[in-house]
Amino acid sequence: MVNWGMYEAYRQRKKRLTIDYDGLTDGLKKGIGIEVLTGGKWYRIPPDYGEKYEDNGERIDHKGSPPRPEKAKEPIDCLVVACKSNQAFNGIRSLKKRLTSDSTIMLVQNGLGVAERLNRFVFPDPSRRPNYLHAVFSHGMDKKDMYNVRYKTVGTTNIAPPAPREITLAKPEDDTSWAPSMKYLTRLFTLTPSLVAFANTPTNVLMYQLEKLAVSSVIDPLTALNDCRNGDLLYVESVSRLMRLLLLEISRVIMAFPELQGVPGLEDRFLPERLRRLVVWELGRTRRNISPMLHDVKHRRGTEVEYLNGYIVRRGEELGITCVINYMIKHLIHAKQMIYNRAEAEAVPIDSDFEMQDSSHLTGPQITTSSSPSTTKARQSVKDSSESP
Ligand SMILES: CC(C)(CO)[C@@H](O)C(=O)[O-]
């Protein structure tokens, strides 16, 4: 848990995580080991920490001093990271010392580029880098509160290591290249019936991820910029035009990925028109939803935009493809956040220590903002999602 507020909410919910299936609650009680992040360090929380009474109402006798949280230092074998991409990067960075080349991190995000960014800024030495698995989760869930979710639509979980960037000749499956922790985690998921999990090929998982990324790169920023529910984007001519332009760029970049060259059916699967149909279908299916990006902008939090449209812009640059529409959309989101946050902080824009940098040839002048202490939150929420570590 990344703060004490989350722990307190968990304690108040009697330390239970629950999933509701068709009105029936499946309760996972007791026994979950908890660590809380505080001051950049993780602390292990004793099961009866802060408790005076047992569940049956009897007073707990701690015999001497009550249990205290201790620093959690032991290495982590398997880490499943299911939060948004921008939070995933910061969370994993805070665990850097406990992750070794024997560890496996499973990344379950809609956005892409977390592993690349971790390799660049957190694990620059390839020999000491943890292993990665990517998972695409298509089960539909609704968060009722922080520790209670409602299962809405059936789906699957597809798992694979990342696809290598360079073009590789097809070779038989080489099982020995998987670290024991990768095998353990994959087995654990595939043996958990409710996850409906499969071990798939890296290329197939990448293509599922890219379809999701294309859909989210349209729906999320357009709902956040227009402050509307997903379904409100349907049947609006200007939205359709923007959608087509965004998808033309996204499709062009994906089709040029070196790791996908020669994959049968690539052109049909990522045709702009097919992506547009996917978006429209998703808009209909989720018409009542408030997208995660709109939610984040409203709550003044960092967004995933750098791992959606920003990812397309960066991959496009590497391939010599300029994505002006995606570039504009990601900066409109950053601008909206800065304007909201600055207005709230009533700060005067003079100069600052926060610079948002883009590596691209599209980069304009560096963005400089006021450095009043009250703008810390404003800076943080954009910095969360910007390119520099
Ligand atoms: C449709 C969606 C998955 C696209 O990111 C998202 O906006 C949502 O969950 O509403």
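Predicted model: local features only at pLDDT ≥ 70, side-chain atom pairs only at ≥ 80, totals over all residues.
## Glu344 in helix α11

Glu344 is placed in helix α11, where helices (H or I, at least four residues) are DSSP runs numbered from the N terminus. The side chain of Glu344 makes a polar contact with the side chain of Arg300 at 2.6 Å; a polar contact is a pair of N or O atoms within 3.5 Å, and within protein one must be able to donate a hydrogen and the other to accept it, while residues adjacent in sequence count only if both atoms are side-chain atoms.

Residues are numbered from 1 along each chain as its sequence is written, and side-chain values use heavy atoms, with hydrogens and water left out.

Helix α6 (residues 237-255) packs against helix α11 (residues 324-345) at an angle of about 115 degrees, with the axes 8 Å apart; axes are lines fitted to C-alpha atoms, for helices over the stretch in contact, and angles run from 0 to 180 degrees between N-to-C directions. Leu245, Leu246, Glu249 and Ile250 of α6 meet Val324, Ile325, Asn326 and Ile329 of α11, contact meaning heavy atoms within 4.5 Å. These residues divide into six nonpolar, one polar and one charged.

Helix α5 (residues 202-226) and α6 pack at about 150 degrees with their axes 10 Å apart, and α5 and α6 are therefore roughly antiparallel to each other, a term for angles over 145 degrees. On the α5 side the contact is made by Leu210, Ala214, Ser217, Val218 and Leu222, and on the α6 side by Val239, Leu242, Met243, Leu246, Leu247, Ile250 and Ile254. Eleven of the contact residues are nonpolar, one is polar and none is charged.

## Packing of α2 with α3

The axes of helix α2 (residues 85-93) and helix α3 (residues 114-121) come within 10 Å and cross at roughly 30 degrees, which makes α2 roughly parallel to α3, as angles under 35 degrees are counted. Ser85, Ala88, Phe89 and Ile92 of α2 make the contact with Val114, Arg117, Leu118 and Phe121 of α3, a set that divides into six nonpolar, one polar and one charged.

## Ligand surroundings

The ligand is surrounded by Ser216, Ile219, Asp220, Asn230, Glu282, Thr286, Asn289, Ser291 and Pro292, a residue being near a molecule if one of its heavy atoms lies within 4 Å of it. An N or O atom in the side chain of Ser216 is 2.8 Å from an oxygen atom of the ligand. A polar side-chain atom of Asp220 lies 2.7 Å from a ligand oxygen atom, and one of Asn230 lies 2.9 Å from a ligand oxygen atom.

Key
Helix = DSSP H or I, 4+ residues; strand = E, 2+ residues; numbered from the N terminus. Parallel < 35°, antiparallel > 145°, perpendicular 65-115°, else oblique. Nonpolar A, V, L, I, M, F, W, Y, C, P; charged D, E, K, R; others polar.
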